[in-house]
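User: Could you look at this model with me? I would like to go through its domains and contacts.

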Amino acid sequence: MLFTSLPFIVFVAALILVYYAFTPYKERWALLLMASLAFYFFADPRYLIFIGVTALTAYVFAIITEDYNAKRKAYLKANKESFDTDSKKKYKNTTARVTKLLMLLALLINLGILAVTKYTNFVIDTMNSWRTEPLSFVNIIVPMGISFYTFQTVSYSIDICRGTIKAQRNFLKFLLFVSFFPQLVQGPISRYEDLSQTLYEPKKFEFQNVSYGFMRILWGYFKKLVVADRLVIALKTLTESPDEYKGAYVFVVMMLYAAQLYCDFTGGIDITIGIAQMLGITVKENFNLPYFSKNIKEYWNRWHITMGTWFTDYIFYPLSVSPTMLKLSKWSRQHLGNAVGKRVTVYISCFAVWLATGIWHGAAWHFVVWGLMNFVVIMASQELEPVYAKFHGKFHLKEKKGYAIFEIARTFLLMSSLKLFDCYRDVGLTFKMFGSMFYTFNIGKLFNGSLLELGLTSADYEVAAIAIVFIFLVSLYKALIGEDIRVFLYQKYPLFVLVCVVLLVSTLVFGAYGAGFDASQFIYNQF
Amino acid sequence: MDELIEILKDLHSDVDFDTCTTLIDDKILDSFDIVSIVSEVNDRFDVAIPAKELVPENFNSAKALWDLISRLEED
Amino acid sequence: MKSMKELNKRDVLLPLCTIAGIALTVVSLWYLQRLLVPKYQRGVVEGSMIEEYYDDEKPHEVIFLGDCEVYENISTVALYRDYGISSYIRGSAQQLTWQSYYLLEDTLRYETPEVVVFNVLALKYGEPQSESYNRMTLDGMEWSMSKWNAIEASMTEDENMIDYIFPFLRYHSRWSELTAADYEHVMDKDPVTINGYYMRTDIMPEAVFPDPTPLVDYTLPETSMEYLERMAELCEQNGIELILIKAPTLYPYWYEQWDDQVRDFADAHNLTYINYIYLRDQIGLDMTVDTYDAGLHLNLTGAEKFADFIGQYLTDSFDLTDYREVPEVARLWEDDILFYDQLRDAQNAELAQYGELRSWGANAIES
Amino acid sequence: MNKKFLSVMMASVMALSVVACSGGDEDTAPVVLSGGQAAESVSVEGGNGAQYPGGSAEASSDAYVFTYNGIVIEMNAQADEIIAALGGDPSYFEAPSCAYEGMDKVYTYNSIVVRSYTRDGVDYIAAVELKDDTVATAEGIRIGSTEEEVRAAYGEDGTEGASGIEYTRGDSFISFIFEDGKVVAITYTAIVG
């Protein structure tokens with residue numbers, strides 16, 4: 001189900017009404033669970049089996065692990081005297097090993113389901129490229145949001161193994177954590193320790209919370225409907241006939257897609273977090289003004305944050321601090337010199353992270369290459385840092401205000417170029433199109449009215465441009481003042497209401513929806 | 001402790017690690033730095049910091065990091 | 001203490017502003033909806049026809065149902081002027097049989113006529129045809145179960161009920177193509193018909209029509225015949241005489257096989273069916289002067305001749321009131337006659353000046 | 001073990017990406033934009049109520065086509081080029097539909113009649129009728145052929161009507177009218193979605 005579909009909007013409105021008007025405070029989580037299961041059921045009843053199995057696996061293994069650990073610990077405590085330091089260590093190690101084994105088993109099952117549903121056809125397709133007799137594709141359903149909820153359960157299982165969280169003993173409550181419906185469409189990937197704080201005992205009705213949430217939802221719809229769904233029309237035209245639209249058009253694609261993806265993705269997250277906030281639940285932020293980043297690393301700390309931290313916490317760190325890697329690091333420093341040796345582990349871990357990130361984004365090679373390109377760019381900028389430092393030592397550009405803007409623009413252009421993989425969806429083609437920007441000179445074409453033949457009228461471009469400027473100004477406010485503009489507006493409540501009305505009405509009028517505009521799917525829908 | 005500060009200084013010579021308590025929160029140390037620190041600490045103190053300890057609370061200040069190392073040494 | 005007071009002030013302010021915000025939203029959306037829906041005032045005026053009925057205060061003893069074969073071919077004013085018949089044409093572009101049925105239901109909510117005349121051409125359509133025609137017929141209907149059912153029966157695959165309930169949702173993207181007429185007619189619209197009759201005074205002689213395409217199957221669709229059946233039942237229940245007619249125009253082609261089926265239906269249900277194609281001479285139609293679009297539809301002279309012919313039949317066959325003798329109704333009709341004559345004179349003046357109509361018809365379609 | 005695993009993985013990834021790159025060109029045009037999810041087809045017109053669903057210009061490849069004097073006539077294909085190519089001096093008739101929602105045009109040639117319809121200002125082929133036995137369908141059926149010949153050429157899976165049979169393929173259908181077991185009329189008709 002899409003955020004922009006009418007049934008979804010009605011569903012959420014009805015839920016909020018029932019939630020506050022007819023549901024006792026203590027039972028509100030149960031209503032959320034029912035709503036989430038209903039959401040899934042109406043999308044496709046078979047999805048329930050998948051999400052149920054995944055949740056049950058993580059739930060059961062967590063309890064077994066925790067009970068086992070508690071029992072071992074209690075035994076150790078009770079028989080303190082009979083252990084010396086060595087045997088105590090040994091006993092503890094056995095506990096840790098079994099715990100780890102249990103975790104791996106849980107991960108195997110849940111990541112296995114994800115792998116089979118999402119990647120079987122990808123593997124077959126890849127194999128077919130060298131097989132003489134092509135294998136036929138299998139018809140597997142890909143449950144909505146499987147990547148999101150699988151990652152949530154994986155982090156839960158790992159955290160249980162690490163002992164940093166307490167297991168949820170109520171299966172239904174745990175199921176709610178896994179299936180909480182607003183985040184099944186586009187994320188974010190919540191951690192149990194974060195979400196559980198408000199999920200089971202949400203805040204009571206608070207006017208401010210509900211107002212903030214409501215405005216946030218409107219803001220999300222505004223971005224999505226007025227900008228993203230409008231620009232997607234021109235983007236489709238441009239990317240479906242790459243031979244026709246080369247050179248300067250590729251730059252147009254870059255710019256349009258940067259705006260489209262940003263509005264679509266952050267808009268979706270706004271809707272998710274807004275709904276949660278209206279329900280009194282706090283969901284972690286997923287974006288922090290990514291286009292104001294001054295370098296790639298910073299960009300990835302600000303874009304799709306919950307995914308980035310997930311990969312850092314559960315792949316990058318464990319891999320780089322694993323005994324094997326530490327040994328490797330030591331060895332390479334001894335044999336390859338300090339400068340190279342220090343980098344080896346980081347490089348390998350980072351490579352693994354970006355490979356995984358690429359694959360996570362979609363079962364296709366262009367995503368893998370996209371991920372690895374990110375790896376290359378990050379490593380390159382890491383390596384160039386000393387060069388930069390030298391440069392800045394000489395020229396003192398860094399203190400100049402304009403330099404920050406240059407850095408922001410550079411990062412934005414770099415990241416937008418990488419996004420071309422997602423536009424053209426083919427590795428070879430993407431390189432070809434990117435190259436054409438430099439050898440096909442047709443800038444003049446952009447000004448002879450050909451942009452009006454992409455499916456958008458000049459009025460469409462005007463509306464999108466005004467909306468983008470508006471979105472930029474709101475972002476700028478946050479960047480400069482350091483505070484959400486809602487805080488300011490809420491203090492002047494009549495203004496707050498007025499802004500809501502303007503947002504609602506202008507989204508309804510200027511939104512690209514309904515006959516003439518088929519609502520396009522959210523980008524991260526089947527991730 | 002001094003040795004630890006030395007490790008940190010190697011990474012960022014321009015930071016006052018004795019007083020700073022927001023190394024992570026202010027994004028002074030990034031994930032690459034943390035991995036470097038872990039591997040240096042492993043070398044010099046023979047202490048393996050497991051992944052589960054790689055949380056902001058343990059890396060926000062040199063003091064916190066030192067406490068972590070001491071705690072792990074005891075185990 | 002001061003903060004306490006402020007808190008109280010805010011306690012009042014918040015709900016008050018919220019309610020004001022909701023009210024503001026509703027009012028602006030209501031206004032914008034009126035602004036954004038197409039006005040059908042010039043050129044394509046067919047979308048205005050259905051709603052004009054509700055403004056007419058006169059009683060109507062004869063109701064015509066059907067597509068352009070009724071609303072362009074029968075002069076309601078001629079029927080009144082010559083026979084005192086007060087009639088209304090509930091016609092619309094490509095009105096489908098179920099739409100005619102529900103329009104009849106809708107009409108019965110306001111009055112019960114003596115005679116209902118249904119033009120049979122639309123029987124050939126068994127399925128919804130196009131959204132734009134649907135809109136022109138359905139948007140103008142007042143809300144009732146009949147409208148709901150009419151929409152349900154008419155929607156093409158890509159249409160939604162919600163878009164009919166809130167036409168705003170369907171027309172919002174017109175914001176970039178609004179014309180002066182849209183702003184001018186937000187609140188009230190000019191009449192485009194006289195009791196449902198759409199006048200044209202220009203002349204284009206009837207052409208030679210291409211031969212009809214033979215069909216594999218001449219059976220009229222079940223759906224439309226079913227609604228015809230329901231129409232007959234509804235008329236019977238309400239003591240209304242239902243008359244089936246085929247207008248005297250030759251294109252689109254009306255196959256003999258269809259004619260036979262309608263005749264059989266009329267016989268079986270004891271109804272009158274008159275195919276005026278066979279009566280063109282008796283009507284006195286001269287298709288070199290009585291049509292404005294090469295024979296597809298009649299112009300004013302044709303529509304008056306046809307009205308005269310039908311009027312004679314209606315007067316002879318049924319006991320209809322001569323409303324010329326009913327002062328309060330006659331007074332209202334006088335206004336219509338005035339408008340009718342003015343419209344005719346205006347069109348004729350344009351014809352004299354330019355040789356063609358510029359403010360009506362295809363030339364008046366603004367982009 | 002980790003290291004070995006990684007290097008194997010790295011090598012295979014590189015190998016595969018080369019495969020993927022070289023195979024890239026055959027994978028024709030990218031179809032969708034947003035994520036792994038197919039975006040619905042987006043039709044563009046703002047629409048003031050006068051919007052037609054579809055009205056696609058391309059005939060599906062397997063649809064029946066008719067060839068007249070070497071000119072291929074496809075249903076739902078743009079009409080102006082075909083009419084120009086057919087040349088000659090057909091007798092012409094046009095009929096606006098109610099409320100000017102389009103214009104139906106009829107071109108009558110010696111042996112065929114071509115009809116077109118209008119969508120958004122563009123004419124498309126609506127139908128072709130075969131008038132005499134000097135022309136035949138691509139499958140060799142002409143006026144005067146027998147019902148058996150039609151069934152032999154087109155199969156048994158047509159839709160039977162009281163006076164003939166219809167075969168649908170792609171976005172058009174062909175219909176044959178029989179009288180006394182002989183074909184008396186042949187028409188190709190576009191299915192306008």
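User: Which domains does the assignment give for chain A?

Analyst: This is a predicted model. The domain assignment of chain A lists domain 1 (6-202), domain 2 (206-283 + 426-527) and domain 3 (302-416).

User: What separates the centres of domain 1 and domain 2 of chain A?

Analyst: Taken over C-alpha atoms, the centres of domain 1 of chain A and domain 2 of chain A are separated by 32 Å. Their contact draws 20 residues from domain 1 of chain A and 17 residues from domain 2 of chain A.

User: Which elements of domain 1 supply at least two residues each to that side?

Analyst: On the side of domain 1 of chain A that touches domain 2 of chain A, they are α1 (6-21), α5 (146-162), α7 (183-186) and α8 (192-199) of chain A. The largest share comes from α8(A), with four residues.

User: How do the residues of that side divide into nonpolar, polar and charged?

Analyst: The side of domain 1 of chain A that touches domain 2 of chain A has 13 nonpolar residues, seven polar and no charged.

User: Changing topic: how many residues does the contact take from chain A and from chain B?

Analyst: Chain A gives 18 residues to the contact and chain B gives 15 residues. On the side of chain A that touches chain B, two or more residues come from each of α12 (305-320), α13 (323-336) and α14 (338-361) of chain A.

User: Which of them gives the most?

Analyst: That is α12(A), with five residues on the side of chain A that touches chain B.

User: And how many residues of that side are charged?

Analyst: Four are charged on the side of chain A that touches chain B, beside seven nonpolar and seven polar.

Technical notes:
Residues are numbered from 1 along each chain as its sequence is written. Chains are lettered from A and ligands numbered from 1 in the order in which they are written. This is a predicted model: local features need pLDDT of at least 70, side-chain atom pairs count only at pLDDT 80 or more; totals for chains, interfaces and linings use all residues. Domain bounds come from an automatic or database domain assignment. Two residues are in contact if their C-beta atoms, placed from the backbone, lie within 7 Å. Ala, Val, Leu, Ile, Met, Phe, Trp, Tyr, Cys and Pro count as nonpolar, Asp, Glu, Lys and Arg as charged, and the others, Gly among them, as polar.
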